[in-house]
Amino acid sequence: MDFREAELITAVAEYGNITKAAQALYMSQPALSHYVNKVESRLGVKLFDRSTNPLTLTFAGERYMETVGEMIRMNEQLTRQFRDISQNMTGRLHLGIPRERGAYMLPEILLQFRARYPGIELKVFTANSQELQDTLRKGRIDLMILPAYEPESNQEFASEVLFQEELLLVGNRSMLDEGLFLPNRPDTVDLGRFGGMPFYLLYESHASRQTANQLFRQHRIKPQIALESASNITCCRLAAVGLGFAIVPELTCRLVQTVPGEVRCHLGVPAVTWPIAAYWRTNAYLGKVERDLISLIREQFSNMQKFAYTI
């Protein structure tokens with residue numbers, strides 16, 4: 001097995017379709033189909049079940065992909081080690097980050113990163129937290145940036161906290177009366193008084209939703225779920241015009257301009273925060289480039305100016 005073979009078979013497995021895989025690889029469908037048949041003939045087994053659509057891996061194909069994945073990961077780690085030894089800082093770094101978090105954070109760090117490492121191509125993969133974890137688990141990204149919204153229960157990922165981020169309640173003055181605020185704290189709501197009220201929340205697969213659910217349980221309330229979305233920005237905008245409430249990360253409020261009557265409040269005293277962390281596979285070699293990116297993010301966002309709240 002060589003790396004070209006691994007690349008072609010992996011592409012077919014990922015796309016589940018030889019034509020789509022061939023297009024992604026910039027080769028013809030007949031050429032790729034012939035190559036797959038040739039590999040299967042050499043191995044004496046079928047790697048793909050062609051009776052399904054999309055194509056699925058056979059048992060032999062699953063074992064093949066496990067070996068290919070480990071081989072690729074070992075090669076990448078060796079490449080990083082040699083890069084550090086030689087100080088020849090070229091290559092790629094694959095970063096995973098949620099879409100909206102990337103929209104805010106990447107412009108803040110990319111210029112500095114490219115200035116430090118012009119020979120490193122930063123490839124960014126955006127998805128929700130569950131998809132990012134699965135992608136990191138499979139070795140398709142090197143690092144992921146996610147909220148550490150619950151204690152890490154497994155040992156497959158190592159992590160390092162980068163900075164603390166506040167979670168805010170967004171609503172409209174038309175739906176907020178004095179009884180919803182803490183005494184003498186016009187900028188801080190008592191979430192325990194929001195039972196039965198309409199909330200705009202992310203889908204269950206998102207870290208923000210898991211944290212919101214945890215807050216609802218802590219305050220022993222059951223909100224009315226007005227709408228579920230894949231976007232914190234959507235939830236924030238709907239809440240801002242007076243249709244309900246949303247619990248969103250600080251970065252969302254930094255991305256979205258306020259509208260008339262919008263209110264952004266603390267969720268208690270002390271304020272509710274969650275740690276934003278970098279994750280990587282525990283068995284992966286973390287090179288100088290990866291470590292410097294982690295340091296750059298920490299430096300950039302730990303020193304952010306205090307957010308301007310709308311009360």
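Q: Does C236 count as buried or exposed, and at what relative accessibility?
A: C236 counts as buried, at 1% relative accessibility. Buried means under 20% relative accessible area, exposed means over 50%, and partly exposed is in between, with a 1.4 Å probe and protein chains only. This is a predicted model, in which local features need pLDDT of at least 70 and side-chain atom pairs count only at pLDDT 80 or more, while totals for chains, interfaces and linings use all residues. Residues are numbered from 1 along each chain as its sequence is written, and side-chain values use heavy atoms, with hydrogens and water left out.

Q: In which helix does C236 lie?
A: Helices are DSSP runs of H or I with at least four residues, strands are runs of E with at least two, and both are numbered from the N terminus. C236 lies in helix α8.

Q: With which residues is C236 in contact, leaving aside neighbours within four places in sequence?
A: Contact means heavy atoms within 4.5 Å. By that criterion, the partners of C236 are V170, A246, V248, T252 and E262. As for I120, 116 residues away along the chain, its C-alpha atom is separated from that of C236 by 36 Å.

Q: Which residues of helix α8 are buried?
A: In α8, residues 232-240, the buried ones are N232, C235, C236, A239 and A240. They are on the same side of the helix, because they cover an arc of only 130 degrees around the axis. The arc is taken from the directions from the helix axis to the C-beta atoms.

Q: Which residue caps the N-terminal end of α8?
A: S231 is the cap, with a side-chain oxygen 3.1 Å from the backbone nitrogen of I233. The backbone nitrogen of S231 in turn lies 2.9 Å from a polar side-chain atom of S229. S229 belongs to strand β10, residues 224-229, and is buried at a relative accessible area of 9%. After α8 comes G242, with a positive phi near 100 degrees.

Q: How many residues are in the largest nonpolar core?
A: A nonpolar core is a set of buried Ala, Val, Leu, Ile, Met, Phe, Trp, Tyr and Cys residues joined through side-chain atoms within 4.5 Å. The largest has 49 residues, and L191 and F194 have the most contacts inside it. Helix α10, residues 288-302, supplies the largest share of this core, six residues. A second, separate core has 18 residues, including I9 and M65.

Q: What span should helix α1 have?
A: The expected span is 1.5 Å times one less than the number of residues. For the 13 residues of α1, 3-15, that gives 18 Å, and the end C-alpha atoms are 18 Å apart, which agrees.

Q: Which backbone angles deserve a check?
A: Most residues other than glycine have a negative phi, and most peptide bonds are trans. Y26 is not a glycine, yet has a positive phi of about 60 degrees; Y26 is exposed at 79% relative accessible area. N184, also not a glycine, has a positive phi of about 60 degrees and is exposed at 78%. The peptide bond from N53 to P54 is cis, with omega near 5 degrees, and the bond joining V269 and P270 is cis, with omega about 0 degrees.

Key. Polar contact = N/O pair within 3.5 Å; in protein donor to acceptor, adjacent residues only side chain to side chain.
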